[in-house]
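Dear colleague,

Please find below the structure that I am passing on to you. A short account of its side-chain contacts follows it.

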Amino acid sequence: MTGGECVGVVVRDSDGFLTVRRFTPREAYRLQGFPDWAIDRIMGLGQSEAAMYYQSGNSLGVPMMREVFRTIDEADIRKR
């Protein structure tokens, strides 16, 4: 995301109101399918949180891409 958009999850606060909790950089990378060991390396580079959010947003989610390619492969096999 760019321009300061808030990306997160809707939660209920202690007063019962709904609010948006911003994802942490670790959560953003996990959503993209990164393993914890890779996230630890990325976070150890000393980058700002903004840079980490930007980089995670520019990545391709491995679990999603795996499913897309699996579906394409299955369709190709059925086509033959």
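The notes below describe aromatic contacts and then salt bridges.

Please bear in mind that this is a predicted model.

Aromatic contacts

The search of the whole structure returned 1 aromatic pair. Its members are Tyr-29 and Phe-34, arranged edge-to-face, with 5.1 Å from centre to centre and 85° between the planes. Tyr-29 is buried, at a relative accessible area of 2%, whereas Phe-34 is partly exposed, at 26%. A further ring, that of Tyr-53, has Arg-22 over its face, 4.3 Å from the ring centre.

Salt bridges

Side chains of opposite charge can pair when their charged atoms come close. The count here is 6 salt bridges.

One of them joins Arg-21 to Glu-27, at 3.0 Å from N to O. Arg-21 is partly exposed, with 35% relative accessibility, and Glu-27 is also partly exposed, with 23%.

Arg-70 takes part in two of the contacts: a salt bridge with Glu-67, with the closest N and O atoms 2.3 Å apart, and a salt bridge with Glu-74, at 2.3 Å from N to O. Glu-67 and Arg-70 both belong to helix H4, which covers residues 62–79, and are 3 residues apart. Arg-70 and Glu-74 are 4 residues apart in helix H4, so about one helical turn separates them. Arg-70 is partly exposed, at 39%; Glu-67 is partly exposed, at 39%; and Glu-74 is partly exposed, at 32%.

Finally, a network of salt bridges links Arg-26, Arg-30, Asp-36 and Asp-40.

With kind regards

Technical notes
Residues are numbered from 1 along each chain as its sequence is written. This is a predicted model: local features need pLDDT of at least 70, side-chain atom pairs count only at pLDDT 80 or more; totals for chains, interfaces and linings use all residues. Side-chain values use heavy atoms; hydrogens and water are left out. Rings of Phe, Tyr and Trp (its six-membered ring) pair if their centres lie within 6.5 Å; planes under 30 degrees apart count as stacked, over 60 as edge-to-face and the rest as tilted. Buried means under 20% relative accessible area, exposed over 50%, partly exposed in between (1.4 Å probe, protein chains only). A charge sits over a ring if NZ of Lys or CZ of Arg is within 6 Å of the ring centre and within 35 degrees of the ring normal. A salt bridge is a side-chain nitrogen of Lys or Arg within 4 Å of a carboxyl oxygen of Asp or Glu. Helices (H or I, at least four residues) and strands (E, at least two) are DSSP runs, numbered from the N terminus.
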